[in-house]
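Subject: Structure for you to look at

Hello,

Here is the structure I promised to pass on. Please open it alongside the notes below.

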Amino acid sequence: MAKKKGNKNGNPQNVKVLPDTSKRNINSQNLKPNKETNNTNIKKSILNTPFHLIILLFLYTTQRHKFDEELLLYLLIPLQIIYTIFQFSSNFSNSNNSKKISKRTINLTLILVVPITMVFAAIPIGLLVILFGGPILENYKKTILLSLNLSNLLLPIIYLSFNKQISIDIGKQYAVSIFLGCWLSSIVIPLDWDRPWQMYPVPLMVGGYLGSILSYVLTDFF
Amino acid sequence: MRFKSLLICLSLQLAAVFIFCIGFFPQKSVLNGSSTFQIEKSLQQEAPPVFSKLILVVIDALRSDFIFDSNISNFPFTHSLLNNGNAWGFTAYSNPPTVTLPRLKGLTTGSTPNFLDAILNVAEDDNSSNLKDQDSLLNQFYLNNKKIRFFGDDTWLKLFPLDYFEEHEGTNSFFVSDFTQVDNNVTRHIPKQLQEKNDWDVLILHYLGLDHIGHKGGPRSKFMPTKHEEMDGIIRQLYENLDNDGLLCILGDHGMNELGNHGGSSNGETSAAMVFASPKLSNFELPSKQKEIKLPITKPSEDENSFKYLTEIQQVDFVPTIATLFNLPIPRNSVGIIIEPLLKLLRNSKLESIKLKENYKQLLDLAHIHSTMDDISSLEDFELFTKMVSIQEDLTRSATNYFYEFLAAGIISSIIGTILYAVLITKDLKFNGIEIISIIISLLIGLSMFGSSFVEEEHQIWWWIVTGLITLSLYLKPNTKLLHLTLFICVRLIRGWNNSGQKYVYESTISNILSRIEYKDMQWYLILATITFVSFNDSMKNLPTFAMSLSLGVLVFSFKVSWSITNGEKVPFVIKDMARTVVKLLFPDESKDIIFSLALNPLAQLFFHCTLGFLVIKLLIQKLKIDKTVDNIFDELTKVMNLVAIMQTRPSNIPMFCVFEIMKMILVKIIKHDYNSNPYVTSIASLVLQHFTFFQFGGTNSIATVDLSNAYNGVSENYNIYYVGLLMTIANFAPSIYWAVFSWDILYSYDTNSILRRQNFMKSKVLPLLFYFIIGCFLFLSCFILRYHLFIWSVFSPKLCYYVAWSIFMNCIVGWVFEGILVLAHW
């Protein structure tokens with residue numbers, strides 16, 4: 001019964017951004033009329049493509065340490081932070097005051113805070129994975145690693161939400177695409193091909209990574 | 001859409017199912033009459049038999065590793081026989097369906113099984129599977145005036161005419177949890193038979209205990225080692241009394257999977273052990289694969305799950321081999337090939353060659369291939385073997401003939417029906433959301449019918465659909481987050497309750513945990529809580545309803561407790577005492593624990609009679625309008641149906657009804673408030689949950705998981721097969737019945753009048769019928785296209801049977817007939 005759909009529903013943001021919302025409220029009210037401009041203001045650049053995720057996915061599926069979620073997690077965290085600092089956040093700018101934002105792009109305190117919050121984001125994600133069928137008593141280590149990986153895929157988004165560079169609605173799109181990636185890919189689990197990549201949580205990892213790569217790339221076009 | 005056209009479509013769907021099944025499950029063509037020697041008749045008749053005495057020990061579900069593998073086997077004496085050359089071991093491939101009746105047919109007639117046999121295995125007193133007109137080893141022994149004695153599983157006595165046996169006693173497997181008595185009833189005959197060993201030629205013993213242990217606790221049950229030793233002791237006793245011309249065969253009719261069930265085609269289920277033992281064998285050369293191997297074998301771990309040890313043979317090869325060794329003609333329908341090393345026992349190369357040619361000729365006749373003696377006699381021995389193997393493969397594959405006219409008619413009528421029906425309902429529904437969702441679900445399940453693994457793991461797809469639908473519903477109605485979340489937690493609990501499918505077997509399912517000794521008490525408290533909750537939830541409205549719920553609830557509870565005590569399970573003291581108080585009412589004079597087994601049948605009968613009586617009285621009151629105050633009988637009948645479902649559920653699953661009850665309250669709330677009691681939404685929710693819970697109760701699409709433990713509730717010795725069949729169907733569809741009945745709360749609630757009820761009844765049937773129509777098309781097509789597929793008999797045919805059961809029992813009988821009568825009673 002190893003079907004599990006991992007997913008995250010924007011819960012991470014809900015949970016951790018909530019304390020922040022009170023402050024943001026005024027801000028977001030101001031922003032509301034600008035919401036659409038907000039969206040369009042993403043700088044479209046081929047460099048937005050998360051090449052590091054593609055490489056990690058490649059490593060995960062083909063290299064010697066095949067399907068090692070733990071190793072992948074250690075590589076993912078620093079790479080995501082670097083990506084957030086140098087590429088991703090600089091491409092999201094608030095139309096109101098893009099100059100100010102550019103100063104804010106490298107907010108080191110936040111960069112440090114975010115990985116810690118990721119660990120807490122992993123808890124609702126893990127619960128969601130379990131709710132969708134992830135094993136609790138057996139293989140629970142894999143469930144934990146899976147949710148940590150998935151939560152870190154959201155790192156740039158959460159950072160930007162903290163930094164008030166994007167609205168939660170945009171963040172949700174990313175989360176939903178990761179969720180859909182996981183949910184759709186879990187269909188391969190029952191097939192009787194007996195391949196190692198059918199074992200939990202490999203399809204969900206791959207699905208989640210693909211979902212997040214796709215969402216980052218798609219922002220370039222839509 | 002009018003009611004009449006809906007009814008016509010339903011009959012069209014059932015007719016298509018019926019026609020297709022006639023074409024798909026024909027009786028196998030068999031050759032009648034007994035065979036005689038065909039080649040060099042006189043020479044063969046005069047040849048001396050190698051052995052003159054046969055002891056056949058069939059140990060039910062004796063998987064190959066139970067005898068051969070050092071990890072699990074506890075047969076020290078058998079190992080010593082194998083090691084000093086007095087016994088030769090084989091791994092015998094037993095053709096699916098791996099259940100006892102077809103396998104016994106295979107072991108005696110040598111034919112490959114007909115799929116229908118698997119079903120008839122359940123319908124035990126049916127005699128259409130009788131072998132009195134078919135040639136078999138027993139028939140040949142009988143015709144040659146050998147005296148046969150038989151002790152063991154009474155399936156044999158149903159298969160063969162009783163005059164074959166000079167002496168016999170059958171045991172039956174009424175209680176699967178009986179591990180010892182059932183075997184002692186066989187073993188107690190052995191001393192007498194060994195004393196009289198000059199009075200018989202063939203002694204057949206069939207032990208069921210090991211199979212029972214497997215069903216109950218799996219192959220690694222703690223009862224296994226002792227059972228192995230007991231069987232080994234019996235083998236020692238028999239072998240030590242064996243003369244030089246005696247042959248002792250120990251074999252399993254089939255194996256078992258890691259859960260201890262069987263019926264399917266996994267390696268464990270199809271690999272049975274077969275051992276030939278005789279003092280004579282040490283004079284001959286060992287089979288090549290047994291040379292230089294010390295038993296028991298320790299396998300490398302990567303090869304652990306193949307269950308292949310020593311020489312691999314087909315189980316049916318047993319038939320021509322025994323016929324040859326006892327110098328009998330090979331039974332006509334046998335597809336077996338003489339086992340090569342054992343052929344050498346003839347010690348006469350000319351005779352060996354004649355026997356081989358005889359075997360070849362018999363196979364040719366069976367395959368309807370014409371040949372002349374010259375063709376045969378010119379062949380060398382090794383050529384004969386290769387030719388026979390290819391004939392055997394052909395014969396095994398085409399064991400049945402399909403009626404193509406019926407297949408085509410079935411497929412075409414179901415496709416035309418589906419298209420017509422889809423067009424008809426689309427006029428009304430105009431492709432609104434719920435119709436599209438039901439079409440997507442049907443297509444998803446329909447397409448999955450083409451993959452054997454998706455059929456085996458159908459529960460995964462349903463789980464996928466359930467999670468998807470709840471998420472979708474949450475997305476559509478975001479203001480009911482908490483209700484949806486609770487619903488989600490409930491379905492997750494249900495999913496964790498049991499294993500389903502073949503691929504993943506988890507140790508820590510909730511039902512396994514509850515069955516552990518340390519949580520056994522917990523299970524019983526949960527059962528008590530569930531039955532109380534289901535009986536009294538919402539039944540306090542008026543006195544008659546309360547009295548009815550109370551009495552039925554008490555009966556169910558005391559029956560379940562008595563059943564478990566009779567089966568030797570541990571029940572907490574408090575619970576036992578409660579049940580004893582009830583049971584005492586029936587038998588005031590008895591005070592020992594035997595009271596529970598005495599009360600078993602009366603309790604169940606009382607329960608069913610009360611249910612039936614209640615149903616009839618309610619309908620009459622409603623119809624005659626005697627009691628003006630009772631306007632709605634659905635509430636009470638829902639309660640009755642739920643208790644019937646609990647009655648037919650095994651104890652470890654009963655607490656799930658508590659979760660069901662919570663889910664039901666949430667669903668009723670959501671559907672009433674957020675979906676305006678839409679009958680289409682209700683019917684899809686009901687349909688999806690019926691399937692989802694069916695699989696989560698441990699059901700699969702394999703014959704192996706048909707649950708028989710509740711089929712005999714309240715049935716005494718002379719039982720009626722239809723009654724048992726009905727109880728068995730209810731037992732296997734118990735959760736589905738619950739979820740079919742759940743929609744009554746919404747469709748026919750208090751605020752509906754009889755006209756609205758009729759409309760709701762009709763509307764709620766529209767989409768499920770579409771589902772069954774679409775599934776039918778895909779399933780018929782896949783069965784037709786894959787009719788030569790390796791898994792046709794083990795995966796696709798069982799799925800077809802389940803589909804028939806779903807569409808006849810769940811859709812037609814429960815959904816249309818039963819519910820229809822109740823709705824009409826309100827008219």
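Helix 8 of chain A, residues 155-162, is mostly covered. Seven of its eight residues are buried. They are Leu155(A), Pro156(A), Ile157(A), Ile158(A), Tyr159(A), Leu160(A) and Ser161(A). Bear in mind throughout that this is a predicted model.

Next, the interface. On the chain B side, 20 residues are in contact with 14 residues of chain A. Three helices of chain B each supply at least two residues of the side that touches chain A: helix 21 (452-456), helix 22 (458-476) and helix 23 (481-495). By class, that side of chain B divides into seven nonpolar, eight polar and five charged residues.

Then a helix pair in chain B. Helix 25 (residues 520-536) and helix 26 (residues 543-566) have axes that come within 9 Å. Those axes cross at roughly 160°. An angle over 145 degrees counts as roughly antiparallel, and helix 25 and helix 26 of chain B are therefore roughly antiparallel to each other. Their crossing is right-handed.

Which residues make the contact? From helix 25 of chain B come Ile527(B), Leu528(B), Ile531(B), Thr532(B), Ser535(B) and Phe536(B). Helix 26 of chain B brings Ser549(B), Leu550(B), Leu552(B), Gly553(B), Val556(B), Phe557(B) and Lys560(B). The contact of helix 25 with helix 26 of chain B has eight nonpolar, four polar and one charged residues.

Best wishes

Technical notes. Residues numbered from 1 in each chain as written. Chains lettered and ligands numbered in written order. Predicted model: local features only at pLDDT ≥ 70, side-chain atom pairs only at ≥ 80, totals over all residues. Contact = placed C-beta atoms within 7 Å. Helix = DSSP H or I, 4+ residues; strand = E, 2+ residues; numbered from the N terminus. Nonpolar A, V, L, I, M, F, W, Y, C, P; charged D, E, K, R; others polar. Axes fitted to C-alpha atoms, helices over the stretch in contact; angles between N-to-C directions. Parallel < 35°, antiparallel > 145°, perpendicular 65-115°, else oblique. Left-handed = near helix turned anticlockwise from the far one by under 90°. Buried ≥ 20, exposed ≤ 12 C-beta atoms within 10 Å, placed from the backbone.
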